[in-house]
Amino acid sequence: MTPLYGNDRARDALSEAIASGAMHHAWIFAGPEGIGKASFARLAARRLLAGRGDFAVLEGDRTWQLMEAGAHPDFKLLERLPKDEKKPDQGLARSIKVDQVRELDHFLGIKPTYSDRRVVLIDTADDLERPGASNALLKNLEEPPAGTVFLLVSHAPSRLLPTIRSRCRMLRFEPLDEDDMRMALAGAGAVPSEIAELVRVGEGSPAAALAMAGLDIAGIDGSLADLARGDASNAVRSKLASSLALKAAQTRYEAFLDRAPRFIAARARERSGPALRQALDAHDAARNLAAAALGLSLDAQGTVFEMSGIVASLANPG
């Protein structure tokens, strides 16, 4: 059985739509990244194709097995493909290409095989190449064949074409509460002694929490707090920069780049007036540096030292 955690209201809303017999043909599953939207979308697709059951998969479910094998003739998944199909371990393409969307023409042009429905799942719609892939999808949304349901996963629906949003029903997903987070992390095999800390740093996203498992995020957050109290001698930032520059520390380095802007944002919420303005400027600088560091492969030691200086600036509010 595949479990679901949280977002009962979204689950109930889709159940009611399915039971009504007047299922809208296109849905956007919207909400923060890593909270289970894509998993729910796959289970929703299974329910629609099987024509029975709820949002759970029992052992031996044939519909689910075909979907997972990429062999269900009535199910189409659009997602980013490997940059090089001969080297799938070399990373994914930056977007879902227009040619992938155009392949839907054949899929939608034939009758369903096992079901009276066809389901197209796009994970994520945010990755659609613009304008080509987005416009190609819009044509299908405007005149969908009978029985076709589109499920679009989106972390930022405001970035989708307004014409796409207008043709879809929005189903909003929220970050998981602490109880659901604990159950989700335990179900995913997180180390029991880490779960409390992962719940804190995950901020309602099991995927984000699991990505930080074993990285001593509490230690990183402690260093950020030390920096924010002032580091006139550069001792804290120098030690941090040296430790995170090691090749073996790459994942902790990336976690630091993620945590630093979040830390500054939290401090900004505690401020007002000129001190707030200074914190907001620091947050912008931290976000820009983090994005450049990963996108341009900047020197890790220098990046950590610079980021630490931005955090340390909080000790002297404007």
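**Figure 1. A cis peptide bond in the loop holding Thr124.** Thr124 sits in the loop that runs between strand S3 (118–123) and helix H6 (132–142) of this predicted model. Asp123 and Thr124 are joined by a cis peptide bond, with omega about 0°. Is Thr124 buried or exposed? With a relative accessible area of 6%, Thr124 is buried, because the cut-off for that class is under 20%. Leaving out residues up to four places away in sequence, Thr124 touches Ile96, Val153 and His155.

**Figure 2. Another cis bond, at Pro131.** Pro131 also belongs to the loop between S3 and H6. The peptide bond that leads from Arg130 to Pro131 is cis, and its omega is near 0°. As background for this view and the previous one, most peptide bonds are trans.

**Figure 3. Asn7 and its positive phi.** Here we look at the segment before helix H1 (8–20), where Asn7 is found. Asn7 is not a glycine, yet its phi is positive, at about 55°. For comparison, most residues other than glycine have a negative phi. Asn7 counts as buried, with a relative accessibility of 16%.

Figure 4. Ser297 lies in the loop between helix H14 (273–295) and H15. Its phi is positive, about 55°, although Ser297 is not a glycine. Where Asn7 counts as buried, Ser297 counts as exposed, at 62% relative accessibility.

**Figure 5. Inside the largest nonpolar core.** This view takes in the core of 69 residues, in which Leu14, Trp27, Phe29, Leu151, Leu171 and Phe256 touch the most other members. Which helix gives the most to this core? Helix H13 (residues 250–268) does, with 8 residues. Apart from this core lies another one, made of 25 residues, including Ile96, Leu104, Ile122 and Leu138.

**Figure 6. A closer look around Leu14.** Which residues are in contact with Leu14, once its neighbours within four places in sequence are left aside? They are Met23, Trp27, Phe29, Phe40, Ala44, Phe55 and Leu171. Among them, Trp27, Phe29 and Leu171 are listed with Leu14 as residues that touch the most other members of the largest nonpolar core.

**Figure 7. The buried side of helix H12.** Helix H12 (residues 235–244) has Arg237, Leu240, Ala241 and Leu244 as its buried residues. Why are they on the same side of H12? They cover an arc of only 100° around the axis, so they fall on the same side of the helix. The spacing along the sequence is worth a thought too: an α-helix has 3.6 residues a turn, so residues three or four places apart point the same way. The cover over the buried residues of H12 includes helix H11 (217–228), H13 and helix H15 (300–312).

**Figure 8. The largest pocket.** The space in this pocket comes to about 600 Å³. Its lining has 19 residues, and Glu33, Ala208, Ala211, Asp258 and Arg262 lie nearest the centre. Helix H9 (195–202), helix H10 (206–211) and H13 are the elements that give two or more residues to this lining. H13 gives the most, with 5 residues. Sorted by class, the lining holds 10 nonpolar, 4 polar and 5 charged residues.

**Figure 9. The second largest pocket.** About 460 Å³ of space is found here. The lining is built from 25 residues, with Gly34, Ile35, Gly36, Ser39 and Pro206 lying nearest the centre. Helix H2 (37–50) and H10 are the elements that give two or more residues to the lining, and H2 gives the most, with 5 residues. By class, the lining residues divide into 15 nonpolar, 7 polar and 3 charged.

**Figure 10. Stepping back to the chain.** Of its 318 residues, 44% count as buried. Among contacts between residues at least 6 apart in sequence, 68% join residues at least 24 apart.

Conventions:
Residues numbered from 1 in each chain as written. Predicted model: local features only at pLDDT ≥ 70, side-chain atom pairs only at ≥ 80, totals over all residues. Heavy atoms only, no water. Core = buried A, V, L, I, M, F, W, Y, C linked by side-chain atoms within 4.5 Å. Buried < 20%, exposed > 50% of the residue type's maximum accessible area, 1.4 Å probe, protein only. Helix = DSSP H or I, 4+ residues; strand = E, 2+ residues; numbered from the N terminus. Contact = heavy atoms within 4.5 Å. Arc of directions from axis to C-beta. 1 Å grid on protein atoms, 1.4 Å probe; cavity = no way out; pocket = protein on both sides within 12 Å on 5 of 7 lines; lining within 4 Å. Points joined across faces, edges and corners; volume = space filled by probe spheres on them. Nonpolar A, V, L, I, M, F, W, Y, C, P; charged D, E, K, R; others polar.
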